[in-house]
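The structure is shown first.

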Amino acid sequence: MQSKSNIHQHETMGRRSFTTTMAASAAIGLSAASAQRVLGANSRINVGVIGCGGRAGAHIKTLLNIKEEQKNVEIVAVCDVYRPRMKAAEEQTGGTGTMAHEELLAREDVDLVVLAGPDHWHGYHAIDAMRAGKDVYCEKPLTHWRQVGLPQRMVQTAKETGQIIQVGCQWMGRLCYHKAKELIDDGAIGKPIIAETGYYRVGDWGERGMKIDDPNAKPGPDLDWERYLGDSPRRPFDVSRFFRWRMYWDYAGGPVTDLYPHPLTPVVYMLGLGYPNYVCANGGKHRYEEREVPDTCNMIADYPDRLTIILGGTQANNYDEYASGTRPLIRGWDGTLMFRDNEIVILPTEGSSAKEQHIEVETGERFPQFWAEFLDCCRARKQPASSIELGAVVQTALQMAVFAQRGQSAVHFDHDNERILT
């Protein structure tokens, strides 16, 4: 069972690393006052990419397409602790490469950074970037599962610095969720009580399938293992741990933190939820044994005002009545809201006066638009769809789910102090 002292130990470890990271940043001269450039409505935004692996490739491709179409974005710097990946990104983008993120952040011509490294670096890279005067696109998950309290520190840093930060949950770019929120807020289903969602697929290509660039790679001038480890446990170098890090608890949390930000974030957004009261979770390795993290997890999050979210998922079976978990079902006192094809459907509850409704709406993913809209938010200094405040609420619930699954017990949240308890 996961003890309170163990959770607090994770929090202490995170604070120690956070302090060390801030000291390193100060030493290299990161300063928001000196590094921030004022952007106009049509200003070109200069981008730096930290972490040049597989996920970064999607961002780079999208940004290069936006550059070709609109001429108002440029990738000027790239960073990776593995030199061959950094060099490949240099060649692809034309940006200048480095293996130390502090050097990239010290550049005055960088306006925005994309954070696409391993989970346990997201939060620290984001805080460093905001303190250096950079806006941030932070890949999900917002932090590692053991970094208790770090999501809240990211929110605070964003408030202190005034930087714009978007969490990489691109499902928040889907127009259907914004329309559904309007309907729920207007009382279309009465008081919401239960939301059901999930994520189902076959295959763990995101873990065991991660590319091993060089089976003979070793720490040295071209691979900075110590920097890679960050605040994670000190372990001898291992090729699999470096290239296939999503397989291991030290650097990832399985589907809960890798996949579930996608289905959970829109539900939390549509219902306007804050932190949960408590979270329960179960599951395990039900199909894929060659990994530490589970392939299956089912979680129940109970929120204030008598509202529950049920989120199920597995990588062992891909059948899902609700289109692979992308379209949640929300039950209220007066009706049920769901998504079918390109419409929102509202069905009345027995005995209610609500009317059946079918509202046409776009339900598809809009990744290029999600990025373009974020760039506009940076120019206008306004909050994006997938904001840091929303991301912190979601990530905290997912952290609680990991602790609950690992400890086989419910994990509670202290609303007064905004911290996870057992």
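## Packing of α7 with α14

In this predicted model, helix α7 packs against helix α14 (residues 388-407) with their axes 9 Å apart and at an angle of about 170°. Angles over 145 degrees count as roughly antiparallel, so α7 and α14 are roughly antiparallel to each other.

On the α7 side the contact is made by Pro151, Gln152, Met154, Val155, Ala158 and Lys159. The α14 side contributes Ile388, Glu389, Ala392, Gln395, Thr396 and Gln399. Sorted by class, the contact of α7 with α14 has 6 nonpolar, 4 polar and 2 charged residues.

## Packing of α6 with α7

Helix α7 (residues 150-161) also meets helix α6 (residues 119-131). The two axes come within 10 Å and cross at roughly 10°. An angle under 35 degrees counts as roughly parallel, and α6 and α7 are therefore roughly parallel to each other.

From α6, the residues in contact are Gly123, Tyr124, Ala126, Ile127, Met130 and Arg131. They meet Leu150, Arg153, Met154, Thr157, Ala158, Glu160 and Thr161 in α7. The residues of this contact divide into 7 nonpolar, 3 polar and 3 charged. Met154 and Ala158 of α7 take part in the contact with α6 and also in the contact with α14.

## Salt bridges

Side chains of opposite charge can pair when their charged atoms come close. The structure holds 28 salt bridges. One of them joins Asp231 and Arg146, at 3.0 Å from N to O. This pair links distant parts of the chain, 85 residues apart: Asp231 lies in the loop between α9 (225-229) and α10 (239-243), and Arg146 in the loop between β5 (135-139) and α7. Both Asp231 and Arg146 are buried.

Another salt bridge pairs Lys67 with Glu74, where the closest N and O atoms are 3.1 Å apart. Lys67 has 29% relative accessibility and so counts as partly exposed.

Arg244 and Glu290 meet through their side chains in a salt bridge of 3.2 Å, N to O. Arg244 sits in the loop between α10 and α11 (255-258), whereas Glu290 is in the loop between β8 (278-284) and β9 (296-303), 46 residues apart. Arg244 counts as buried because its relative accessibility is 14%; Glu290, with a relative accessible area of 44%, is partly exposed. Salt bridges that share partners join Arg244 and Glu290 with Asp204, Glu207, Arg208 and Arg291 into one network.

## Cysteines

The structure holds 0 disulfides. Cys280 counts as partly exposed, at 31% relative accessibility, while Cys297 counts as buried, at 0%.

Technical notes:
Residues numbered from 1 in each chain as written. Predicted model: local features only at pLDDT ≥ 70, side-chain atom pairs only at ≥ 80, totals over all residues. Heavy atoms only, no water. Axes fitted to C-alpha atoms, helices over the stretch in contact; angles between N-to-C directions. Helix = DSSP H or I, 4+ residues; strand = E, 2+ residues; numbered from the N terminus. Parallel < 35°, antiparallel > 145°, perpendicular 65-115°, else oblique. Contact = heavy atoms within 4.5 Å. Nonpolar A, V, L, I, M, F, W, Y, C, P; charged D, E, K, R; others polar. Disulfide = S-S within 2.5 Å. Buried < 20%, exposed > 50% of the residue type's maximum accessible area, 1.4 Å probe, protein only. Salt bridge = Lys/Arg side-chain N within 4 Å of Asp/Glu carboxyl O.
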